[in-house]
Structure formats: structure tokens, C-alpha cells
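Me: I would like to learn how to read a protein structure, one feature at a time. Could you walk me through this one?

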Amino acid sequence: MTDSKYFTTTKKGEIFELKAELNSDKKEKKKEAVKKVIASMTVGKDVSALFPDVVNCMQTDNLELKKLVYLYLMNYAKSQPDMAIMAVNTFVKDCEDPNPLIRALAVRTMGCIRVDKITEYLCEPLRKCLKDEDPYVRKTAAVCVAKLHDINAQLVEDQGFLDTLKDLISDSNPMVVANAVAALSEIAESHPSSNLLDLNPQSINKLLTALNECTEWGQIFILDCLANYTPKDDREAQSICERVTPRLSHANSAVVLSAVKVLMKFMEMLSKDLDYYGTLLKKLAPPLVTLLSAEPELQYVALRNINLIVQKRPEILKHEMKVFFVKYNDPIYVKLEKLDIMIRLASQANIAQVLAELKEYATEVDVDFVRKAVRAIGRCAIKVEQSAERCVSTLLDLIQTKVNYVVQEAIVVIKDIFRKYPNKYESVIATLCENLDSLDEPEARAAMIWIVGEYAERIDNADELLESFLEGFHDESTQVQLQLLTGIVKLFLKKPTETQELVQQVLSLATQDSDNPDLRDRGYIYWRLLSTDPVAAKEVVLAEKPLISEETDLIEPTLLDELICYIGTLASVYHKPPSAFVEGGRGVVHKSLPPRTASSESAESPETAPAGAPPGEQPDVIPAQGDLLGDLLNLDLGPPVSGPPLTTSSVQMGAVDLLGGGLDSLIGGTNFVAPPTAAVPASLGAPIGSGLSDLFDLTSGVGTLSGSYVAPKAVWLPAMKAKGLEISGTFTRQVGSISMDLQLTNKALQVMTDFAIQFNRNSFGLAPAAPLQVHAPLSPNQTVEISLPLSTVGSVMKMEPLNNLQVAVKNNIDVFYFSTLYPLHILFVEDGKMDRQMFLATWKDIPNENEAQFQIRDCPLNAEAVSSKLQSSNIFTVAKRNVEGQDMLYQSLKLTNGIWVLAELRIQPGNPSCTDLEVSRSLSLSPSTLPSLVSCPGPHAPHVSCLHSSLGLTSPGRL
């Protein structure tokens with residue numbers, strides 16, 4: 001007899017009858033009654049009134065009845081928390097039952113009753129079960145800890161359950177290990193900052209041992225845990241890969257994908273020169289191919305993961321193109337995904353095979369699939385240059401079929417081919433023009449208009465073709481209208497005499513008769529360009545266009561690395577990080593691949609490099625940060641906000657080459673031969689003369705022996721480049737304060753007001769310490785001088801050259817940008833004199849090869865004058881001696897960021913025209929801590945020998 005009888009409608013007084021049956025002395029009748037209660041509960045009836053009667057049935061040896069009562073208890077405990085306390089004694093008793101199944105059942109139910117009032121009563125039974133002699137009870141208890149942590153995390157930590165869980169990782173039973181790992185991983189996800197899974201080589205070894213013996217789901221938990229571990233070196237990574245590789249042949253696809261995730265992550269640390277690396281690549285292909293023989297839903301998940309793997313390491317599946325060929329009975333979602341992977345794997349070796357296949361797909365009945373196939377042919381042409389001609393020929397054959405949607409897709413991709421290979425395949429334009437009347441889709445019409453406008457000089461009736469589109473201008477989509485406007489303007493610039501009326505018509509339609517703001521704006525821009533400066537219009541509209549890249553849909557490298565860490569999860573199917581679709585912050589941890597070892601090559605393989613790029617060079621998906629117009633345009637030009645000094649950990653100066661980028665300019669006077677540095681364009685302002693020769697009064701300046709050298713003001717921003725605003729300036733340091741002395745001149749015809757200034761991030765964190773205050777409006781032909789105080793607590797980023805400063809100045813007219821070089825001696829602090837004993841100890845610790853030597857010519861000063869002159873700029877003489885007729889000055893200085901520089905000057909009293917300067921550098925917690933980290937840029941010019949430099953990682957007061 002089946003259990004369906006329990007779901008049939010009963011007589012009136014149902015609850016009363018069930019109550020009576022539950023209190024019956026007969027065990028069978030009691031079990032039948034509990035089954036009726038569970039059936040009523042399942043169909044949605046409220047049987048909570050029977051709670052005390054059902055709980056009384058817990059006192060039984062019958063395992064089936066106990067399971068039913070526990071099921072009822074889990075469902076109603078939350079709505080009857082006071083009554084649920086009645087069951088606590090039974091749980092405690094059942095956790096000591098001789099039958100391990102009952103003990104496990106009790107502890108499992110305990111974890112599912114989410115009632116705060118009784119959780120503390122369950123701690124002692126749970127503690128006993130975690131140390132139970134039976135592994136089945138221990139593995140159940142391990143999962144219960146994770147459930148209890150979700151209810152009351154503090155209680156779990158106070159009771160020491162987390163430590164017990166960690167001990168279970170060393171359990172002799174593999175399933176207990178797997179459940180302990182699963183529980184700890186679950187808890188760690190809700191508390192990303194905690195280091196619960198403190199993995200080390202010993203614990204990893206235990207996990208790998210358990211991996212071979214636990215169930216498939218246990219294997220998944222362990223593999224996911226392994227994926228979060230970062231091996232200490234490539235040998236450990238290889239050892240783990242060797243022990244994980246057998247999981248690739250598992251029957252469960254989830255185990256296979258988890259194993260692939262671990263291997264893909266640890267391969268980052270393996271050198272491509274290793275034989276094992278090649279072996280591993282070969283072993284990864286078969287399991288991925290096998291996944292494609294499963295049911296369609298699993299195929300799709302596998303294909304989405306393969307899509308990521310192919311973008312990261314195309315060499316894994318480069319010989320498996322045929323398995324991605326579409327089958328006639330594949331669902332559309334599988335077909336489209338296979339098509340995408342085929343294009344990613346296309347290369348010169350297999351392009352003929354791929355094109356033949358794509359041409360077949362273009363004759364299918366599924367319209368969406370046909371469109372994608374035609375586009376794929378175009379993408380192949382762009383990706384594999386050698387196949388471009390064959391691809392264009394194939395597209396022309398498809399156009400000849402006269403199938404409307406095929407023709408339209410072909411025109412769209414041919415436009416892209418023209419962009420990739422200009423002046424190569426324009427002979428097909430005549431064929432395209434024949435199909436002009438059949439185009440009814442906006443994208444295809446816009447593509448055809450672009451082609452006609454771009455190659456108007458080669459099409460005799462280009463004006464007639466574009467005029468035919470113009471007839472229904474207001475009925476076209478915005479995409480077509482914008483392209484038609486641009487196309488006719490291009491035509492006018494190429495054939496001005498014949499198309500003047502046409503361009504006036506389209507400009508009138510775009511500006512006067514259109515409600516679309518984008519269209520109106522573009523129309524006005526073109527109109528003003530054409531009316532004021534046709535030559536400029538030609539340079540703008542007919543400018544040479546950059547070649548397009550074939551992999552425009554590549555996932556950005558940083559995101560790809562993160563998604564590789566999520567292979568086998570929803571993130572790998574959506575191709576989005578979990579933070580993009582998981583609500584709230586809980587459980588979302590940003591992951592990344594481990595850093596590649598020094599012996600490893602770039603992860604980028606030659607196949608994925610764009611055409612024309614050197615092998616191994618990755619395409620720039622995200623523009624580089626730190627460029628002038630990149631950072632300055634995002635700056636807030638309001639008053640600067642003072643903040644606490646930056647800590648050294650936030651200063652990304654690790655291996656800054658001071659001599660190579662900055663100090664060479666300090667000692668690079670007019671007669672000094674220094675290494676070349678990155679030149680600043682003349683338009684951005686001339687560099688400030690800041691060499692030692694200036695400090696010695698060898699060049700014109702306003703310095704005196706009694707004060708720090710100040711360079712004369714130089715024009716940083718010419719008036720012609722700033723709409724009449726001319727900015728000149730220099731830098732000074734006085735009594736420990738740095739200033740930018742500015743001279744603002746208004747050479748325009750209008751008054752200037754609302755001045756503000758902002759610096760880009762720079763090597764030493766220079767930033768305005770106060771707003772730029774111009775107290776009165778700056779009238780035409782008026783000049784005002786302002787001293788702007790500077791601080792060194794701004795954002796830090798290494799610049800090229802090191803002392804380059806990028807500035808944005810705003811007024812009521814516009815925002816203007818310029819760049820200048822500041823003299824490094826403004827950064828020399830007043831407490832830069834090192835103790836003699838410390839100097840001696842530090843100097844001795846620096847090896848001879850860690851020095852840089854310079855020679856200064858035509859220095860007419862003796863040792864005393866040199867010492868006095870340099871001290872005025874905070875370069876202090878620590879000691880002086882005479883060796884074989886040469887005066888030796890030992891000097892120290894300290895920069896604002898805590899970097900110490902030690903120098904030795906050798907001066908011949910009889911021949912002061914030639915002075916040797918030997919410089920050693922250090923940045924240290926104590927001046928004697930001088931690990932050598934920076935390598936030599938190499939010799940650059942006569943009289944300059946550039947050797948290794950000495951730099952540490954911390955500095956006093958900037959920790």
C-alpha cells in the first residue's frame with residue numbers, strides 16, 4: 001500500500017483525531033499518525049497545534065518515526081521556539097545513543113533548528129559528536145558547526161568549535177576531512193578577513209591524501225580549498241598539479257572543472273620551459289573535450305568555462321578545433337557558444353577548415369545562427385591576415401545568394417575588414433552597392449553609408465547613393481542618421497563643388513528639424529567647422545583612423561584572471577565576478593592568480609597577441625593610468641585638503657632610480673655631461689636649471705651664499721596655449737618650507753577670475769598646501785605674483801623623469817595643463833647632517849660597485865667655498881680630509897621622503913676646474929640598513945660611470 005492515502009481528505013475534527021492517534025499506546029498507530037501530520041504539513045496545512053504531541057513521539061527506538069518527528073521539528077521550531085526547548089533533552093540523549101545513525105540524525109537536526117534560545121543547550125552534544133568515534137557522526141557534526149556559526153557566530157568562536165574543525169582536517173577519515181574543509185570554507189566566506197583555512201604544505205599534503213578516497217562532492221570541496229592556496233615555489237606547485245591531475249578523468253563534470261581550476265591557477269607558477277608544463281597542457285585537453293559529449297545543459301556550462309580557458313591559454317585546445325564544430329541537433333545556445341570558441345582558436349594552420357565550416361553554417365535555417373556565422377567569417381579575416389582574401393571571397397559568395405539577412409550581415413563585417421585592411425579590398429564596393437535597395441536593418445544601412453562616405457572618391461555616384469538615404473531621413477534610426485550626417489560631410493570635403501546643396505540639406509535636417517540632442521550637436525559641430533575652417537574640418541573628419549583589433553570582445557586581463565579562479569561556478573558561466581550578481585558583500589572575495597615565478601614566461605601566448613604585435617605582447621584593454629590627460633581631467637580643482645602624511649606602505653617607490661632620473665639633473669649644469677632623461681616637450685615648459693653648477697654660481701641665478709639657490713623664473717605655460725594666460729614660475733625652499741613662486745600675466749582681452757590649481761600624482765608627493773589665491777580679478781595686460789606654499793603629503797607615483805610635475809590651472813575661461821621640472825634641492829631637509837660615526841659605518845657597508853660617479857668641469861671654487869655653498873642648500877659636510885694633495889669632502893643629505901644620500905667630493909686645490917663627485921644612496925630605518933635592490937641603467941656618456949645603487953624599503957617616521 002502506498003503513502004498516497006495520507007494525503008486524502010479526512011473527516012471533520014481532523015486535528016482532534018490526529019491528537020488522539022499521536023497519544024495512542026500502539027507504536028504502529030502512532031507512526032501512522034505522524035505520517036498523516038507530515039503529509040498535512042507538506043500540502044501547506046497548519047498542524048503546529050500538534051507540536052507537543054509530536055515531540056512526545058521522539059522517545060522511540062524506531063528510526064523511521066524519529067526521522068519523521070525530526071522533520072516536523074525542523075519545520076515548526078521557529079514558529080514555536082518555547083515548545084522547541086522541550087526537545088533539547090531528547091537531542092542530548094540521542095547524541096549518546098549507541099546507534100551512530102541516531103547520533104548523526106540528532107546532530108544534523110540540531111543544526112537545522114534555527115532558534116537562538118536553544119543553541120547554547122546544543123553546544124555540549126555537538127562537542128561530543130565532533131569527537132565521536134564513528135566517522136559518520138563526526139562528518140555530520142562538522143557541517144553542523146557551519147550551520148550553528150550562521151545562527152550565532154560568537155557562540156561558535158567562544159566554544160572553540162573552530163579549533164576543533166581545524167583539527168578535523170587531520171582526521172583519518174577522508175569524508176570527515178572533506179566536510180571539515182567544506183564547513184571552514186563556508187565560514188571563511190562569510191568572514192573574508194579571518195584566516196580560518198591556514199593552509200601550509202603539511203595540511204595541503206593531508207588534503208591531497210584524502211582527495212583520492214572521499215566521495216565526489218568531498219573531492220570538489222577539497223579541490224576548491226586547494227585552489228585558494230598559493231604554493232611557495234614552482235616545485236611545490238608542480239607537486240600539487242601531479243597529484244591533482246588524476247581527478248581530470250573523474251566521471252563527475254564538477255570534479256573535472258574543479259581540478260581544471262586548480263591546474264590553471266598553479267600553471268601560472270610553472271616555467272614554460274619545463275617538460276612537465278607541456279605534458280600538463282596535453283592532459284588538460286581530453287577531459288574538456290569529454291565534457292562536450294554530455295547533455296546540452298552541461299555542454300553549455302563546459303563551453304562557457306572553455307571560453308575563459310581558451311582566452312587564457314589557447315594552446316591547450318589549439319589542436320581540438322573539430323570538437324567545436326556545430327551539430328545539426330545542438331540547441332542554439334550551444335551553437336553560438338561553439339562558434340565563439342571556434343573564432344578564438346582560429347589560426348593560419350586551421351583557417352581553411354574553419355572557413356569551410358562557417359560557409360556551411362551560413363546556409364542553415366536558424367536566422368540568429370546564420371548571422372553569427374557570417375560575422376564569424378569577418379572576425380576570422382581580421383584575426384588571421386593571411387586568410388583575409390579568402391574570407392572576403394567567401395563573403396562575396398554569400399552576398400550573391402541574395403538572402404536578405406545574409407547580405408546585411410556581410411556588409412556589416414566587410415566594413416570592419418575595410419577598417420583593418422585599408423586600400424586593399426575596395427574592389428568589392430561595386431558589388432555592395434548593387435544590394436543597396438535590399439538593406440532594411442539600421443546596422444547594415446549605417447555600415448553601407450560609412451563605406452560610401454569613406455570611399456566617396458572611388459564611387460562615381462556617391463552623391464546619388466547618399467541622397468537616396470536622405471529622402472527618409474526622419475524615419476531612420478539614430479545610428480543611421482548620425483552615420484548619414486558624417487558620410488555626407490565626408491563626401492562634401494572630397495567633392496565640395498558637386499555636393500554643396502546636399503551638405504546644406506543634411507545639416508539643416510540635423511540641426512533644425514531633429515529632436516535628438518546627439519544629432520543636433522554633431523550637426524552644429526560640423527556646420528561651424530565647415531564655415532570657419534574647412535582645412536581643420538578636413539583634418540578632423542578625414543583623419544586617418546586607427547586599425548581595429550580582432551579581439552574586441554576579449555575579457556579584460558585582470559577580470560579574466562579572477563574568473564579563472566572561479567571556474568566551475570556561476571561566475572564562469574556569467575563571465576562576471578561574483579560581486580556583480582551576489583547581493584550584499586557576504587561571501588564575495590576577489591581572487592587573483594598567483595604571481596608568476598622569475599623563470600616563468602608571460603602568460604600571453606603568441607596566438608593571442610594582436611596582429612602586428614610582437615609575440616608575448618598583450619593588447620592594452622584598459623588605458624594606462626597616470627597619463628597627463630588621464631589623471632588631471634579627473635582631479636577636483638577645489639581647495640586642497642590637508643591630510644596625514646602618507647605611510648611608506650602606500651608609497652609605490654620600491655626601486656626608484658634616483659640618480660638615473662633626478663639627481664643627475666641636480667648636478668647637471670651647462671658643462672656637465674649627464675645621462676639622458678625623458679625630455680619634456682618644449683610646449684610644456686622648459687626645465688628649471690637646478691644642477692650643482694647652479695649651486696656653485698656657475699650659471700645665472702638669484703642664489704647667494706647666504707641662502708638656498710633659487711632658479712630664475714621660466715615660462716611654463718605660454719599665452720598662446722592658454723587662451724591668453726601666461727604662467728611663469730620657479731621653486732624655492734626657505735626655513736623648511738617649499739614654495740612655488742608664480743607669475744600670472746593676462747594677455748587676453750577679458751578679465752580672468754576664479755583661479756584654482758591642482759597637481760597630478762608625482763614622485764615626492766608635492767601638492768598645494770593652500771588654495772591658489774588671486775585676490776582681485778586679473779585684468780587684461782595685468783601681472784600678479786603669487787607664492788603658493790607646497791606640502792609633500794600628496795599622492796605618490798613615480799614619474800619620468802623623476803622630478804616631473806604635471807599641473808592643472810583653472811580659471812573662469814578654461815582648464816589648462818602644463819608640465820615642468822622642479823629642482824631636487826628643494827626637497828633637501830634641514831636635518832640632513834648624519835653623525836660622523838654613523839656616516840663612516842654606513843659608507844663602509846656600501847660595496848664599491850654600489851656607487852655612481854660624476855665629473856663636474858669648470859668649478860672655480862675651493863673646498864671651503866664648495867662646502868659653504870652646498871650647506872646653504874642643505875647638503876652638509878660631515879668630514880673633510882686631504883689625501884695626496886686632493887681635498888676630500890664627505891657629505892650627506894636627506895630628502896623629504898626619508899631617503900639619505902651620501903657623497904664624496906674630490907677637489908684638487910691646484911686644478912679646481914675638474915671636480916669628481918661620487919654618490920651613494922640609501923633609504924633605511926637606520927642608515928646602516930642598506931640592502932642593494934636597484935640595478936644599474938648602464939653607462940650613458942663620457943665622464944659618467946653609473947654603477948649599482950643601494951636602497952632599502954623603510955624610512956624614519958614614514959612607517
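This is a predicted model: local features need pLDDT of at least 70, side-chain atom pairs count only at pLDDT 80 or more; totals for chains, interfaces and linings use all residues.

Me: Which residue in the hairpin of β10 and β11 takes a positive phi?

Reply: Residues are numbered from 1 along each chain as its sequence is written, and side-chain values use heavy atoms, with hydrogens and water left out. Helices (H or I, at least four residues) and strands (E, at least two) are DSSP runs, numbered from the N terminus. In your hairpin, 2 residues lie between the strands, and Glu-884 has the positive phi, near 50°.

Me: In which sense do β10 and β11 pair, and over how many bridges?

Reply: Two strands pair if DSSP finds at least two bridges between them. Here β10 (residues 876–883) and β11 are antiparallel, with 7 bridges. As one place to look, find Arg-881, which stands opposite Met-888 of β11.

Me: Which strand is joined to β11 by 8 bridges?

Reply: That is β12 (residues 900–908), and the two run antiparallel. Look for Lys-894, whose bridge partner in β12 is Trp-900. The hairpin of β11 and β12 has 5 residues between the strands, and Gly-898 there takes a positive phi near 90°.

Me: Is β11 mostly covered or mostly open?

Reply: For burial, we use relative accessible area: buried means under 20%, exposed over 50%, and partly exposed in between (1.4 Å probe, protein chains only). Strand β11 (residues 886–894) is mostly covered, as 8 of its 9 residues are buried. Across the protein, 52% of the 959 residues count as buried.

Me: Why is Val-735 called exposed?

Reply: Val-735 is called exposed because its relative accessible area is 83%.

Me: What about Arg-304: why does it count as buried?

Reply: Arg-304 counts as buried because its relative accessible area is 14%. You can find Arg-304 in helix α19 (residues 296–312).

Me: Which residues is Arg-304 in contact with, leaving aside its neighbours within four places in sequence?

Reply: Contact means heavy atoms within 4.5 Å. By that rule, Arg-304 touches Glu-337, Ser-572, Val-573, Tyr-574 and His-575. A polar contact is a pair of N or O atoms within 3.5 Å; within protein, one must be able to donate a hydrogen and the other to accept it, and residues adjacent in sequence count only if both atoms are side-chain atoms. The side chains of Arg-304 and Glu-337 form one, at 3.3 Å.

Me: What is the order of the open sheet of 3 strands?

Reply: The order is β4-β7-β8, with antiparallel pairing. Its edge strands are β4 (756–759) and β8 (815–821), each pairing on one side only. Between β4 and β7 (residues 804–810) there are 4 bridges, and Gln-758 stands opposite Ala-808 in β7.

Me: Which peptide bond is cis, with omega near -10°?

Reply: Look at the bond from Glu-800 to Pro-801. Pro-801 belongs to the loop between β6 (783–791) and β7.
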